[in-house]
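Trainee: I would like to learn how to read a salt bridge in a model. Could we go through one together, step by step?

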Amino acid sequence: MVRRRVPLVTLALLACGLAAGGLWWWAVLRLLLLPGETGPVEGAVAAGGWGLSLLPVHVAASSGRRLPGPVARGVTRASRRRRWGGGSGPS
């Protein structure tokens, strides 16, 4: 079995993510179970976490180069590749 060392930065980011997720769940459950005893902090944490969950859907890197015209809308035109020199290339 090969053991790989995980960088300390990765572990720190994972711990921060788990802590933020736990804080969000705490706020949501507190809002649901004790609605009369919650304050604006719990509401802000719950709303902010929900808003962040929508962010990756709308702010995602494109997978390729954006082309204007019909190609950008999903319609493509086939083009023949011309061979100069008369011979066939490697298949």
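Mentor: Side chains of opposite charge can pair when their charged atoms come close. A search of the whole structure finds 1 salt bridge, the term being used for a side-chain nitrogen of Lys or Arg within 4 Å of a carboxyl oxygen of Asp or Glu. This is a predicted model, in which local features need pLDDT of at least 70 and side-chain atom pairs count only at pLDDT 80 or more, while totals for chains, interfaces and linings use all residues. Residues are numbered from 1 along each chain as its sequence is written, and side-chain values use heavy atoms, with hydrogens and water left out.

Trainee: Which side chains meet in the salt bridge?

Mentor: Those of E42 and R30, at 2.9 Å from N to O. Because E42 lies in helix 2 (residues 40-58) and R30 in helix 1 (residues 8-33), the pair ties together parts that are 12 residues apart in sequence; helices here are DSSP runs of H or I with at least four residues, numbered from the N terminus.

Trainee: Is E42 buried or exposed?

Mentor: Buried means under 20% relative accessible area, exposed over 50%, and partly exposed in between, with a 1.4 Å probe and protein chains only. E42 is buried at 9%, whereas R30 is partly exposed at 24%. Of the 91 residues of the chain, 5% count as buried.

Trainee: Where is the place of T38?

Mentor: T38 sits in the loop between helix 1 and helix 2, and its side chain reaches the backbone oxygen of P35 at 3.2 Å.

Terms used
Helix = DSSP H or I, 4+ residues; strand = E, 2+ residues; numbered from the N terminus. Polar contact = N/O pair within 3.5 Å; in protein donor to acceptor, adjacent residues only side chain to side chain.
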